[in-house]
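Me: I've just opened this one and I'd like to learn how to read it. Can you take me through some features, general idea first and then the case here?

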Amino acid sequence: MRRRLLALICVTGSLVSGCGMLPGDHERKTVTVWLMKDSASKDFLRRFTEDFERTHEDLRLDIRIQEWTGIVEKVRAALKGHSGDGPDVIEVGNTQVPLYADGGRLVDLTLESMRDWGKEKWLPGLAQPGKDGNKQYGIPWYAANRVVIYRKDLFEQAGVTEPPKTRDAWLADTQKLNSGGDQGIYLAGQDWYTLSGFIWDEGGDLAQEKDFEWRGTLDSPAALRGMDFYRRLQALGAGPADADEEHPPQAGVFAGGKVAQIVAVPGLAQSIVRQNPDLKDKLGFFPVPGRTEERPGTVFTGGSDLVVPQNTDDQFAATTVVAALTGAKWDTELARTMNYVPNKTTLAGAVASEEGVAAMAAGAAHGRATPHTPQWADVEADNPIKEYMTRVLQGADAATEARRASRKITEALAPNIG
């Protein structure tokens, strides 16, 4: 889930520093920071840089904006480079941390995390992928996850007076909404991120590690229950069984005016209103419902962590930048600026005034990430979960197809036992 809501252009510390020398001719240490395109606005980076360099007179920031396309190989090359030649701090996707931690090329930040950064309050969907064993390499920065975007007017017409808080109520309400030419929900058949949340809610997983080997587990009873709920919900609309949420883009489908709900990040509402201005002030948001009212459903949490390469020539300076960017002051400011979820559950109040972001934060508190293995990228490269979902939605036996998909996941994660 790597799309961002605002455009961003390259900003470096030199735009606000003026010079690299302190009074008395003491040279500032330059900290090179790689951040991803659209993660933060130009104005945010300008304000952060000014504040950081004012309060850290021995340091200067050189923030360099990177494109997501080709970033994995670029980061891997930087991690193998000579000391002092590459970045000192790198923003990476939360699920990418295992790719870079493999081989021992990242600094272990466990001590700082426990002593200074309050890791016990981090969002689990950002913190867990940043670990390797008991070591913390990725430091949570910000999160984004799916919520339900809905039409307030269609809910009212159907007699649904408030958003559902349980999955059973969600099904019942969606069935009411699925009438009179309106789709109760538009849910594409291959939206495997949404399926993952239902599986996690049932106590299942996409894959699990046992005896140091990873195996696909879509065929577990819990995972099959998650797929069955997805099947029942998806049937209350006309989402294609053989495509994902981008084919066609679901924002355009929703903007057509005949859909009551979609599952998406809140920022998609902006695209919907651009395509259909009549929907302005008619859109609402609520967390994906859980099995009980006590807590929202589990959701896939996307977002970014910050890492420090082993080959930095000033680990203290690098961690100082990480501490500032992920600390409460600037993390909440980033969340407000970009409509993100802050990195700690205790900071959710900072975005409570924004309905969509508040719904997102409620779900993020119970968020998860994909299985914590560097080989998960190989699963997504030719994703067998999508094919599995399509086959089940087209009437194939779920248990049979789940076993087939689980074998393919196992082959990608552990070829020697597949």
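Me: How are α17 and α18 oriented, parallel or antiparallel to each other?
Reply: Compare their axes, which are lines fitted to C-alpha atoms (for helices over the stretch in contact), with angles from 0 to 180 degrees between N-to-C directions. Under 35 degrees counts as roughly parallel, over 145 as roughly antiparallel, 65 to 115 as roughly perpendicular, and the rest as oblique. Here α17 and α18 pack at about 170 degrees with axes 9 Å apart, and therefore they are roughly antiparallel to each other. Two things to keep in mind: this is a predicted model, where local features need pLDDT of at least 70 and side-chain atom pairs count only at pLDDT 80 or more, while totals for chains, interfaces and linings use all residues. Residues are numbered from 1 along each chain as its sequence is written, and side-chain values use heavy atoms, with hydrogens and water left out.

Me: Which residues of α17 and α18 meet?
Reply: Contact means heavy atoms within 4.5 Å. On the α17 side you'll find P384, I385, E387, Y388, R391 and V392. They meet A398, E401, A402, R404, A405, K408 and I409 in α18.

Me: And how many residues of α17 are buried?
Reply: Buried is under 20% relative accessible area, exposed is over 50%, and partly exposed lies in between (1.4 Å probe, protein chains only). Helix α17 covers residues 384-393, and seven of its ten residues are buried. Tyr388, written Y388, is one of them, and so are M389 and L393. The buried residues pack against α9, α10, α16 (376-381) and α18 (398-413).

Me: At what angle do α9 and α10 cross?
Reply: By the way, helices (H or I, at least four residues) and strands (E, at least two) are DSSP runs, numbered from the N terminus. The axes of α9 (residues 192-201) and α10 (residues 221-234) come within 7 Å and cross at roughly 130 degrees. That makes α9 oblique to α10. The contact involves T194, L195, F198 and I199 of α9, and on α10 A223, G226, M227, F229, Y230 and L233.

Me: Let's do sheets. What is the order of the six strands in the open sheet?
Reply: Two strands pair if DSSP finds at least two bridges between them. Reading across, the order is β4-β3-β5-β14-β8-β15, and the pairing is mixed. β4 (59-66) and β15 (341-342) each have a single partner strand, so one side of each is left without a neighbour in the sheet. Further in, β5 (residues 89-93) runs antiparallel to β14, and four bridges join them. To see it at residue level, find G93, which stands opposite S304 in β14.

Me: Which helices lie across β3 and β4?
Reply: Helix α2 (residues 42-55) does, running at about 160 degrees to β4. Helix α3 (residues 71-80) lies across β3, β4 and β5, at about 155 degrees to β3.

Me: Is T301 buried or exposed?
Reply: T301 is buried, with a relative accessible area of 0%. You'll find T301 in strand β14 (residues 301-307). Leaving aside neighbours within four places in sequence, the contacts of T301 include N94, L126, N145 and R368.

Me: What is the order of the strands in the three-stranded sheet?
Reply: That one goes β12-β9-β13, and the pairing is antiparallel. β12 and β13 are the edge strands, each pairing on one side only. Four bridges link β9 and β12, where I149 stands opposite I262 and the bridge partner of Y150 is Q261. Both faces of β12 are covered: Q261 and V263 are buried on one side, I262 and A264 on the other.

Me: Where do the buried residues of α12 fall?
Reply: In α12 (residues 268-275), A269, S271 and I272 are buried. They fall within an arc of 160 degrees, so they line one face of the helix. Their cover includes β9 (147-151), α11 (250-255), β12 (261-264) and β13 (283-286). As for the sheet, α12 lies across β9, β12 and β13, running at about 165 degrees to β13.

How values were computed: The arc is that of the directions from the helix axis to the C-beta atoms.
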